[in-house]
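Notebook open, model loaded. I want to go through the chains one at a time and then look at where they meet.

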Amino acid sequence: MRTTRLLAGAAALAAAMTACGAGGGQPSNVITVSSNACGGSWHLAGPGWHTFEISNQSTGGGEIDLIDPADGAVYGEIENIGPATTASMSLDVGSGKYAFLCLFEDFNPLTGPTVTVGGHAKGTPAILPVTYNDVIPLAKKYQSYTEAGLQLLARETGTLAADVRGGDLAAAKRYWLTAHLQYESLGAAYDAFGTFDDEIDGRADAVGVDSPKWTGFYRLEYGLWHGQSAKELTPVASTLNSDVRALLASWPAQQIPLIDIGLRAHEILENALEFQLTGHDDYGSGTTLATTMANITGTRVLLSLLHPLLAPRYPGLPAVYTSLDRLQALLQQEHLPNGAWVPVAGLPAAVHAAIDAACDQAVQELAPIASIAEPRNSINGF
Amino acid sequence: MGSEPSELPEPAPSPGPRRRSFLRGMASGVAGGVVAGGVAGAAGGYAYRGSRPAPSAAAAAEDEAVVQGRLPAVPFHGRYQAGILPPPQRVTAVVSFTATAADRAELTELFQTVTDRARFLAAGGTPPPTGIGGPPSDSGVLGPTVVPDGLTVTFGVGSTLFDDRYGLGARVPAHLAPMRSFPNDDLDPAQCGGDLVLQLSAGNTDTVLHALRDIAKNTRGGMQANWRIDGFSSPARPAGTVPRNLLGFMDGISNPSTASAAQMDSLVWIQPGAAGEPSWTAGGSYFVVRLIRMFVEFWDRVDVFEQETMIGRRRDTGFPLDADGIYATPDYTLDPTGDVIPLTAHIRLANPRTPQTAASRILRRAYNYDRGLDQVGDLDMGLVFTCFQQDIRQQFEAVQTRLVNEPLVDYISPFGGGYFLALPGVADANDYFGRALLA
């Protein structure tokens, strides 16, 4: 709640400011941009609330940032402004230097004239943009981490398939959980693995539990915990194993979109909130809390990669770790000494509420990372 | 809506009671304005609902303001919470929460955050941009600038907050306990109780939902919603009368006068030094919420005479069966055997109008709810009954006990709700909800 309280304070301040403005009117500046002129001559009357009307008079689309020209830190951004359109950007202007940066397709970045606001007024802080060069090495590391994880997974699904084939369904149940958690800890949520994910970890929602089209971990879980025979489940486990191996084989050629590194920071747990903590994805084993725990592992891998980029940019980062720690501690209490997990349906209401609240808090704290870690073109390069 | 007054004929009551009711209505209308902070527009705004004046320019302006979502801001700061005395607004949401803050410090932070958000939302303003630092700070549901739209945020605490989690046991209010089950109740534990409660009321649904989303996102981790009900109050039809519930009867006619500080001090507000009450409760008020399903389809198969004798009022006019005038006082001394208003009629049991029962009166604030269908396709609608008082046992429970087994029980079924204490008001920009409680 630390960051949100800061936000609340800022909101109250903003409210006070606008409430004091005569008639609620805000100073408005029209800023004209094009592929060869970025803002023209413009001025700021002083610190305080400003709304800029950005008018794109070029024949192509582009991105317009308001930056501190000294270091390229970004105050505000219009990510995509179409030709011959207008978009607005609001800002609490403080003391400092301001310039527009125009990034039009097929044109070099163009920085407009600098406007200086004197004094010591505090305004919306600028954030140093993350560049493509910052993220590329992270993506490479993430790719190799995932590859190692998939190799381990393939060994586990191999053992799992052998257990099912050999008729040892008790061992298969244990290994099912090991392998599924390994898969979930790879940050697999949210279609990271595309159509492979549908095959390996798809839900029965669209096809129904009796459909032969339903494959993967959840299909196997359903069978193992609904009394289906080893004979019936042998092809299911075998298909799972071969699908995992196909994913592993394709992995070196897969490209992780750079934007995904930051996006997944909150998306993995958004999925846990929707499908695991609700019990939606419990097909019989009652282990969705374990899955959530694995999802935290996947989230933490991304955070450890992003940490050096986030630490100087995101004041809420400590709260991210605090909220994940709390969620993890609450989940750990539902991991019984015999290794079993309490099914969400069996949680007392107060415990359920505490876990839900902690996960809600975590995704709330994680959400800004997507925006902060998004690679951007800037005056500092790509 | 604006053309209603001229199109729908007013009932023709006798001059005496009508005049009385007019005066009383004006009084309560002014009260709404005073509570709303003495803003002229707000004062005119609420006046027409509880009275029968000729349609006025102020009432028309109020209608327009509601439709346009431009009700003025209700001042947030004050000795009492601002959402308690005004008549029901068009839209409300009552949400119960489980406190999930880890300790007293986090609970305090939670109450401060709720205060900050409520203060901002009630006043309106422009949410701060986040630049490239994250998703937008505001949902945008009300557009780029948050309008007040008459929003009130009423914040309360339940008895379970005073268990051993936050060390508040010694500060439990004298009359706060879990809601009891009455005969004819069919309570669903999943829709009962709660450590905390928020009631958000405003002129429009988008305003209420915007406020709920804003408060929820800013209090993640500190509290988790466990039940919720949305309500609405209808326009008074005909204009100048009193809004109706979904049984088709005017609801909340007989209320203590919110214009009378003496009545509010003796019935609604917890007084400084009240016997047994911890000092932090002064300026608060006990807040009872009862979720009551109405079997409206069954009700619609009952003839109007039977309906009216169950309620004790005329359905069309809202008049008590023994008088002409919405606000006419039934005179039960002239009808000791219930020939005109049966002894079991709802209004007679609820408020017998005797000196002995005067102290059990409550400030009733009922909203209608509509939740679609039940499992078998019957209409799921009813009443979000809320009331405020000094002492739940002496007031709400006394009234409810008199109502046990009234004939109306066949057509209604209480299924949820809770007992809470609406906290004292937030005095100023440096104060926050529950400061004296948490100090």
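Helices (H or I, at least four residues) and strands (E, at least two) are DSSP runs, numbered from the N terminus.

Ground rules. This is a predicted model, where local features need pLDDT of at least 70 and side-chain atom pairs count only at pLDDT 80 or more, while totals for chains, interfaces and linings use all residues. Residues are numbered from 1 along each chain as its sequence is written, with chains lettered from A and ligands numbered from 1 in the order in which they are written.

**Entry 1: chain A overall**

I looked up the make-up of chain A and got 11 helices and 9 strands. Its C-alpha atoms fill a box of roughly 80 × 45 × 35 Å along the principal axes. Of the 382 residues in chain A, 45% are buried (20 or more other C-beta atoms within 10 Å of the residue's own, C-beta atoms being placed from the backbone; 12 or fewer is exposed, in between is partly exposed). For contacts I use C-beta atoms, placed from the backbone, within 7 Å. In chain A, 73% of the contacts with a separation of 6 or more come from residues 24 or more positions apart.

**Entry 2: strand 7 of chain A**

Which strands does strand 7 of chain A pair with? I found strand 4 (residues 62–68) of chain A, antiparallel over 6 bridges, and there A:Gly62 has A:Phe104 as its bridge partner. Strand 9 (residues 115–117) of chain A is also antiparallel to strand 7, over 3 bridges, with A:Gly96 partnered by A:Val117.

**Entry 3: chain B and one helix pair**

Chain B comes to 12 helices and 9 strands. I get 51% of its 439 residues as buried. Among chain B contacts between residues at least 6 apart in sequence, 76% join residues at least 24 apart.

Then I picked out helix 5 (residues 104–123) and helix 6 (residues 205–218) of chain B, which pack at about 150° with axes 10 Å apart. The contact uses B:Thr113, B:Val114, B:Arg117 and B:Leu121 from helix 5 of chain B, and B:Ala211, B:Asp214, B:Ile215 and B:Asn218 from helix 6 of chain B. I sorted these residues into 4 nonpolar, 2 polar and 2 charged (nonpolar is Ala, Val, Leu, Ile, Met, Phe, Trp, Tyr, Cys and Pro; charged is Asp, Glu, Lys and Arg; the others, Gly among them, are polar).

**Entry 4: where the chains meet**

How many residues does each chain put into the contact? I noted 37 from chain A and 30 from chain B. On the chain A side, elements supplying at least two residues each include strand 5 (73–81), strand 6 (86–93) and helix 10 (349–366). Helix 1 of chain A gives the most, with 12 residues. The chain A side divides into 22 nonpolar, 10 polar and 5 charged residues.

Key. Two residues are in contact if their C-beta atoms, placed from the backbone, lie within 7 Å. Axes are lines fitted to C-alpha atoms, for helices over the stretch in contact, and angles run from 0 to 180 degrees between N-to-C directions. Two strands pair if DSSP finds at least two bridges between them.
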